[in-house]
Amino acid sequence: MTDRSAPAASPAYRGVVLAMLLLVYTFNFLDRQILGILAGPIKAELGLSDTQLGALGGIAFALLYSTLAIPLALLADRTSRTWVITVSLAVWSGFTALCGLAGNFMQLFLCRIGVGVGEAGGVAPSYAVISDYFPAHQRARALSIYSLGIPLGSAGGVLLGGYIAQTVEWRTAFIVVGLLGLLIAPVFRLVVREPVRPVQASDAAPVSAVFGILAAKRSFWFLAVGAACSSMCGYGVAFWLPSLLMRSFGLNLMGAGQFLGGLLLIGGVAGVLLGGWLGDAMGGKDKAYYAWVPAISYVVGMPLFVIGVLSDSVGVAFALFLVPQALVYVWLGPVLTAVQHLVPAHMRASAAASFLLINNLVGLGLGSWFVGALSDALTPAYGIEALRYAIVAALGFYLLAGLFMALGGRALRKDWVAA
């Protein structure tokens with residue numbers, strides 16, 4: 001596939017590119033996370049169990065999202081990263097809209113698989129585009145700004161989804177956000193030019209060569225497993241927190257959306273930006289801090305989350321969640337930057353996809369299912385409070401994440417590839 005390449009980009013145009021990538025990533029997480037706020041009405045109408053809901057939020061999405069990310073990233077490295085992102089946005093948005101037409105569990109499951117297929121081509125090529133446009137000393141901050149799509153999209157999903165579901169119905173929420181994404185796809189393609197690459201796209205290395213380089217580096221495994229543990233907890237809690245707020249704290253659909261929206265917009269945004277700043281500031285002096293900063297954040301944030309989940313007051317829970325919500329997002333800028341520097345520049349999208357395969361197949365695939373299945377298992381003993389204790393158990397994965405990140409710091413010093 002031929003494509004027009006960007007000339008040397010001005011700082012202003014780099015900002016435009018980053019803003020467009022952020023917009024697409026925001027819709028990535030809006031479409032991905034909207035299911036969590038809609039879980040209550042979907043469960044009631046379709047008669048689903050918590051285990052089935054967890055499967056919809058996890059393995060249905062993650063199975064092909066994780067595995068297709070590698071061939072799509074290789075396609076992006078060899079052809080046009082911007083075209084792959086554009087088509088992926090259109091596909092996942094279309095399947096999000098179709099979720100609103102599902103009449104049973106299996107139909108909704110298949111639509112969520114379709115969302116995952118589309119989103120498989122969005123993230124890894126975006127990491128590579130950012131790394132091509134921004135110099136090394138700015139990449140952690142640039143990737144952190146891009147990663148704002150996670151809290152912004154998640155907040156948009158719970159706020160917009162909760163509002164539409166309560167005022168109209170849950171099906172309309174899926175259709176509206178899906179159609180909005182379809183409108184953005186052509187705009188993105190018109191605005192974002194393919195970046196100049198250090199080698200010809202057709203010379204991109206095969207994925208086996210990329211993974212061979214990564215597999216030989218201890219830092220890659222520590223970062224990937226640590227991120228997977230973090231995502232196991234993060235995605236599981238994010239999916240089930242709306243249901244917890246309605247079951248145990250007595251909030252309605254819109255109230256739960258406002259609680260989570262505020263939490264993500266304040267704590268999540270602050271944590272992502274803090275991680276990018278700390279990554280560039282401390283990692284510039286010692287590469288180990290690209291892993292150590294997240295490690296410290298996980299260990300400090302986890303106990304505050306536990307206390308908040310076990311509290312009886314909505315106000316107390318919100319105050320206790322703010323700090324750990326920020327801390328568990330700190331990893332994004334530093335770790336994503338580190339992964340981009342484990343391989344030569346022309347392998348970046350494939351390297352990111354290899355990292356995401358492990359992170360998402362384990363974390364995204366199992367997180368929401370694990371919490372839902374544990375909630376069902378605990379229901380005979382704890383009744384409506386079973387979900388609360390299932391979430392507390394899942395929070396232990398943050399401690400494991402901190403351990404693996406701490407172990408990865410020293411290895412990064414040796415494994416780092418300057419580019």
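This is a predicted model: local features need pLDDT of at least 70, side-chain atom pairs count only at pLDDT 80 or more; totals for chains, interfaces and linings use all residues.
## Basis

Local features need pLDDT of at least 70 and side-chain atom pairs count only at pLDDT 80 or more, while totals for chains, interfaces and linings use all residues. Residues are numbered from 1 along each chain as its sequence is written, and side-chain values use heavy atoms, without hydrogens and water.

## Helices α1 and α10

Helix α1 spans residues 11-37 and helix α10 residues 170-191. Helices here are DSSP runs (H or I, at least four residues), numbered from the N terminus. The two pack at about 160°, with axes 10 Å apart. Axes are lines fitted to C-alpha atoms over the stretch in contact, and angles run from 0 to 180 degrees between N-to-C directions. The pair is therefore roughly antiparallel (over 145 degrees).

Contact means heavy atoms within 4.5 Å. On α1, the contact residues include Tyr 13, Val 16, Phe 27 and Asp 31. On α10, they include Phe 174, Gly 181 and Phe 188. By class, the contact has 18 nonpolar, 1 polar and 1 charged residues. Nonpolar covers Ala, Val, Leu, Ile, Met, Phe, Trp, Tyr, Cys and Pro; charged covers Asp, Glu, Lys and Arg; the others, Gly among them, are polar.

## Helix α3

Helix α3 (residues 50-57) is mostly covered, with 6 of its 8 residues buried (under 20% relative accessible area, 1.4 Å probe, protein chains only). Asp 50 is one of the buried residues. The cover includes α1, α12 and α17.

## Ser 354

Ser 354 sits in helix α17 (residues 348-382). Its relative accessible area is 1%, so Ser 354 is buried. Leaving out residues up to four places away in sequence, Ser 354 touches Ile 70, Phe 211, Leu 214 and Phe 220.

Technical notes. Angles under 35 degrees count as roughly parallel, over 145 as roughly antiparallel, 65 to 115 as roughly perpendicular and the rest as oblique. Buried means under 20% relative accessible area, exposed over 50%, partly exposed in between (1.4 Å probe, protein chains only).
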